[in-house]
Amino acid sequence: MSTEPKTEATRGTHRRTLVGTVTSDKMQKTVVVIVSHRVRSVAYKKYMTKRVKYKAHSENNEFHIGDKVEIVESRPLSKDKRWRVAKLIEKARNA
């Protein structure tokens with residue numbers, strides 16, 4: 001048996017990451033991120049865009065509407081918040 005301390009990599013914890021656009025930054029330390037993906041309809045054989053909104057934790061309120069961000073799954077931070085913003089991918093054009 002190994003006596004090495006268990007790190008996140010050896011423990012097997014895998015956190016989901018998603019990329020989306022910030023649609024609201026009006027709350028304190030929270031942003032709303034919309035993540036969209038394309039799915040094919042079984043009945044009509046057409047592609048549709050599905051969108052899901054996630055509330056993500058932003059400690060310093062540094063992300064604003066239109067920013068493209070990466071969010072990471074985390075422990076429950078509040079009733080609705082289970083994600084946190086990992087990094088900024090692209091700044092909004094108007095900023």
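Biologist: Leaving aside its neighbours within four places in sequence, which residues is A56 in contact with?
Modeller: Keep in mind that we're looking at a predicted model. Once the neighbours within four places in sequence are set aside, A56 is in contact with K29, T30, V31, V33, I71, K81, W83, R84 and V85.

Biologist: And which residues make up the largest nonpolar core?
Modeller: In soluble globular proteins, nonpolar side chains tend to be buried together. Here the largest nonpolar core has 10 residues in all. They are V22, V31, V33, V35, A56, F63, V69, I71, W83 and V85.

Biologist: Which strand gives the most to this core?
Modeller: Strand 2, strand 4 and strand 5 each supply at least two of the core's residues. With three residues, the one that gives the most is strand 2.

Biologist: Let's zoom out. What pattern does the protein chain follow along the sequence?
Modeller: Its secondary structure comes to one helix and five strands. Reading along the sequence, you get α-β-β-β-β-β.

Biologist: How many bridges join strand 1 to strand 2?
Modeller: Strand 2 covers residues 30–40, and strand 1 runs antiparallel to it. One place to look is S24, which stands opposite V32 in strand 2. The number of bridges joining strand 1 to strand 2 is three.

Biologist: What about strand 1 and strand 4: over how many bridges do they pair?
Modeller: Strand 1 takes in residues 17–24, and its pairing with strand 4 is antiparallel. You can find G20 with its bridge partner V69 in strand 4. The count of bridges between strand 1 and strand 4 is five.

Biologist: Which residue in strand 5 is the bridge partner of E73?
Modeller: Strand 4 and strand 5 pair in the antiparallel sense over six bridges. In strand 5, E73 is partnered by W83.

Biologist: Is S74 buried or exposed?
Modeller: S74 lies in the loop between strand 4 (68–73) and strand 5 (83–90). Not counting residues up to four places away in sequence, S74 touches R15, R82, W83 and R84. The cut-off for buried is under 20% relative accessible area. S74 has 15% relative accessibility, so it counts as buried.

Biologist: Which residue's backbone nitrogen does the side chain of D67 reach?
Modeller: D67 is in the loop between strand 3 (47–57) and strand 4. Its relative accessible area is 1%, so D67 is buried. At 2.9 Å, its side chain reaches the backbone nitrogen of H64.

Biologist: What distance separates the C-alpha atoms of E90 and D67?
Modeller: E90 is found in strand 5 and is partly exposed, at 44% relative accessible area. Not counting residues up to four places away in sequence, E90 touches D67 and K68. Although E90 and D67 are 23 residues apart along the chain, the separation of their C-alpha atoms is 5.9 Å.

Biologist: Last one: what share of the protein chain's residues count as buried?
Modeller: The accessible surface of the protein chain comes to about 7,600 Å², and 49% of that belongs to carbon and sulfur atoms. Out of 95 residues, the share that counts as buried is 24%.

Conventions:
Residues are numbered from 1 along each chain as its sequence is written. This is a predicted model: local features need pLDDT of at least 70, side-chain atom pairs count only at pLDDT 80 or more; totals for chains, interfaces and linings use all residues. Side-chain values use heavy atoms; hydrogens and water are left out. Helices (H or I, at least four residues) and strands (E, at least two) are DSSP runs, numbered from the N terminus. Buried means under 20% relative accessible area, exposed over 50%, partly exposed in between (1.4 Å probe, protein chains only). Contact means heavy atoms within 4.5 Å. A polar contact is a pair of N or O atoms within 3.5 Å; within protein, one must be able to donate a hydrogen and the other to accept it, and residues adjacent in sequence count only if both atoms are side-chain atoms. Two strands pair if DSSP finds at least two bridges between them. A nonpolar core is a set of buried Ala, Val, Leu, Ile, Met, Phe, Trp, Tyr and Cys residues joined through side-chain atoms within 4.5 Å. Accessible areas come from the Shrake-Rupley method with a 1.4 Å probe; for residues, only the protein chains shown count as cover.
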